[in-house]
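Here are my notes on this one, point by point. Have the viewer open while you read.

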Amino acid sequence: MDYYSYHIFYFPFKWEVKGKENEIFSEQVDLDNIPISSHSMWERVQIEDSQYSQQKDTKEQEELFAERQYYYDFVHPVLYDIKNVKNSIIHHYERREPKESVVEYHIKVKDKTYVLRLDALNVNLYSTGVGIMSFFLKNEKEEQKDENSIRDINQFGRRIMPPHCGEFSQGGRNMLADYIQIVGLHGDEYRYSDTYDYVKGVGTSLKRGFECVWQPAWFIKHLIEDLSSSLRVTPVIDDRMLVNCWYGNDDLATDIKTVDRDGKVPFVYSDLWYKHLFVDNGSDPTCQNEEMKKRLLKESTYSRWQKYGTLYGLSRYSMVLLTDTQWFAKNVLAMHMRTIYSRMFELVILQRASILRFSGEVTRVSALKGNDNKKLSERIASLYKEYIRFINQIYFRSVTAQDQGIEMYEMLLRQFDSDTQIKDLDDEISELHQYVSLMIDQRRNENGEMLNVLAAIFLPSTLLTGVFGMNPFREGQEVLSIGIQILLIAIITIVFFKILKNRRK
């Protein structure tokens with residue numbers, strides 16, 4: 001069936017296994033410690049090279065081959081759940097229903113309901129204590145192919161919690177959908193929907209209140225519970241999901257090709273492109289300064305294929321492609337956005353989410369109280385170990401040899417400010433490590449000083465005993481002689497103790 005746009009929403013989150021919050025970090029983020037439900041519609045899907053030689057070629061296998069061919073081999077372990085890999089970085093789960101029947105993603109906005117085909121629903125759990133839930137949505141309906149509908153889908157379909165209390169009332173909402181519902185999943189439909197009904201004050205069992213801060217939509221919560229009821233999930237980057245969107249529009253593609261007398265492309269700096277790139281559905285763009293708007297658009301626009309009517313946009317929460325509706329655009333460019341570039345976007349999201357996860361653990365460890373330096377040092381050593389693994393196996397400076405991939409990946413790193421974030425995190429962990437090292441050295445010095453004091457106090461008595469021994473001064477006066485020696489030892493020891501104490505003061 002034909003489609004007019006393709007949308008992927010990414011929900012990055014922090015996960016914790018209930019009851020393991022106070023364990024060392026390596027135990028907290030061990031993927032094997034997650035008890036997965038054996039009766040849900042989630043299934044772990046892994047890849048194994050040997051299986052492809054035994055099966056017929058399919059479209060999915062061809063696309064997977066293209067992905068793996070695109071990225072360096074050392075990047076594969078973080079992109080794919082590969083079978084028989086020790087200390088796996090990723091566990092990949094897929095929902096069964098979209099493969100077996102029609103599942104739809106409904107977005108109700110005022111007097112209109114947008115309906116998209118749920119092509120796939122995936123969850124990736126990573127060994128840094130974060131995860132990404134991905135909704136792959138196909139827009140097949142002609143009545144929602146106009147540019148305003150595309151922006152509405154991206155804006156309202158991705159928001160999973162109210163940004164402020166002004167969005168509580170459905171009649172007064174501007175940024176939050178009336179409801180989002182996933183139709184066609186097994187189980188009670190109410191579990192996979194959310195009307196975002198909040199009460200002003202303390203919530204009830206049916207409605208959330210002011211105490212429910214930074215909690216995702218019900219349908220996300222229940223989807224995670226289906227996978228594992230032992231997982232506690234918290235949004236880690238934003239109150240909205242991130243967006244990957246391919247959109248074919250011949251009229252806009254023609255505008256993209258248009259060049260003015262000065263050789264510039266007016267569309268690149270237009271309000272329409274700004275709103276599409278930055279997922280802005282208002283009547284006016286949210287940047288009302290021309291110089292700032294031009295700078296943001298210049299930093300976020302990848303225009304390599306502009307003369308072909310194709311424009312990419314990359315921001316810290318969106319990856320968009322605006323092009324025509326010809327065969328190549330639908331069958332090649334759209335596929336690349338759904339596969340190759342989706343992996344790239346996921347990788348950068350993972351890096352950003354992991355940095356925030358590590359930073360949160362640094363804060364938690366820094367707040368620990370008590371004198372158990374050994375336990376504290378163990379937690380910091382575990383955190384530092386996982387951080388080194390993250391730097392070596394997840395945070396890459398380069399992921400592909402393809403020119404466009406190199407350029408787009410570098411743009412994403414700049415948009416997410418990854419280099420600065422990594423440097424700041426490195427400083428945080430190094431300072432924490434230095435602090436604990438200082439505490440351990442201080443305790444070691446105190447213990448050594450105590451031993452030196454004890455040695456100094458008993459040195460005179462040891463010397464006196466060595467010179468005179470414990471022999472009596474006269475025969476028959478053993479008791480008196482030993483008493484005198486003990487008295488002398490005690491007096492000398494007390495005198496030395498007083499001298500040392502006064503010197504230390």
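**Notes on pockets, cavities and contacts**

1. Let's start with the largest pocket. Helix 2 supplies the largest share of its lining, 6 residues. Keep in mind that this is a predicted model. The pocket holds about 1,200 Å³ of space. Its lining runs to 40 residues, and Glu60, Glu63, Glu94, Ala120 and Arg338 are the ones nearest the centre.

2. Which elements each supply at least two residues of that lining? On the helix side they are helix 2 (59–70), helix 4 (97–100), helix 10 (327–338) and helix 11 (340–366). Strand 3 (90–95), strand 5 (112–126) and strand 6 (130–139) make up the rest of that list. By class, the lining of the largest pocket splits into 13 nonpolar, 12 polar and 15 charged residues.

3. While you're looking at strand 5, pick out Asn122, which sits in it. Is Asn122 buried or exposed? Its relative accessible area is 12%, and under 20% counts as buried, so Asn122 is buried. Asn122 and Phe135 are 13 residues apart in sequence, with their C-alpha atoms 6.9 Å apart in space.

4. Next, the second largest pocket, with a volume of about 350 Å³. It has 13 lining residues, and those nearest its centre are Asp30, Asn87, Ser88, Glu386 and Arg389. Helix 12 (residues 373–393) gives the most to this lining, 3 residues.

5. Most residues other than glycine have a negative phi. Asn87 isn't a glycine, yet its phi is positive, about 50°. You'll find Asn87 in the loop between helix 3 (76–79) and strand 3. At 66% relative accessibility, Asn87 counts as exposed.

6. Val279 is another one to check. This residue, also not a glycine, has a positive phi near 50°. Val279 is in the loop between helix 8 (271–277) and helix 9 (290–300). Whereas Asn87 is exposed, Val279 is buried, with a relative accessible area of 5%.

7. How many cavities of 30 Å³ or more does a search of the whole structure find? The search turns up 2. The largest cavity has a volume of about 50 Å³. Its lining consists of Ile89, Ser127, Thr128, Phe358, Glu386, Arg389, Phe390, Gln393 and Ile394. Helix 12 gives the most here, with 4 residues. Glu386 and Arg389 line this cavity and are also among the residues nearest the centre of the second largest pocket.

8. Val78, Leu79, Tyr126, Glu346, Leu347 and Leu350 line it. Helix 3 and helix 11 are the elements that give two or more residues to this lining, and helix 11 has the largest share, 3 residues. The residues divide into 5 nonpolar, no polar and 1 charged.

9. On to charge pairs. Side chains of opposite charge can pair when their charged atoms come close. The salt bridge count comes to 30. One of them joins Arg295 and Glu299, at 3.6 Å from N to O. Arg295 is partly exposed at 41% relative accessibility, and Glu299 is partly exposed with a relative accessible area of 41%.

10. A couple more bridges to click on. Glu142 and Lys145 meet at 3.8 Å, N to O, and Lys145 is partly exposed, with a relative accessible area of 36%. Arg240 and Asp239 pair at 3.4 Å, N to O, and there Asp239 is buried at 11%. There is also a salt-bridge network that links Glu16, Glu21, Arg232, Arg357, Glu361, Arg364 and Arg379.

11. Last, the outside. Leu487, Ile491, Val495 and Ile499 make a nonpolar surface patch of about 350 Å². Leu487 belongs to helix 15 (residues 478–504). With a relative accessible area of 51%, Leu487 is exposed.

Technical notes. Residues are numbered from 1 along each chain as its sequence is written. This is a predicted model: local features need pLDDT of at least 70, side-chain atom pairs count only at pLDDT 80 or more; totals for chains, interfaces and linings use all residues. Side-chain values use heavy atoms; hydrogens and water are left out. Patches are made of residues with over 30% relative accessible area and no salt bridge: like charges are joined within 9 Å, nonpolar side chains (Val, Leu, Ile, Met, Phe, Trp, Tyr) within 5 Å. Accessible areas come from the Shrake-Rupley method with a 1.4 Å probe; for residues, only the protein chains shown count as cover. A salt bridge is a side-chain nitrogen of Lys or Arg within 4 Å of a carboxyl oxygen of Asp or Glu. Buried means under 20% relative accessible area, exposed over 50%, partly exposed in between (1.4 Å probe, protein chains only). On a 1 Å grid over the protein atoms alone, a cavity is a set of points where a 1.4 Å probe fits but cannot get out, and a pocket is an open set with protein on both sides within 12 Å along at least five of seven lines; lining residues have an atom within 4 Å of a point. Grid points are joined across faces, edges and corners, and a volume is the space filled by probe spheres set on the points. Ala, Val, Leu, Ile, Met, Phe, Trp, Tyr, Cys and Pro count as nonpolar, Asp, Glu, Lys and Arg as charged, and the others, Gly among them, as polar.
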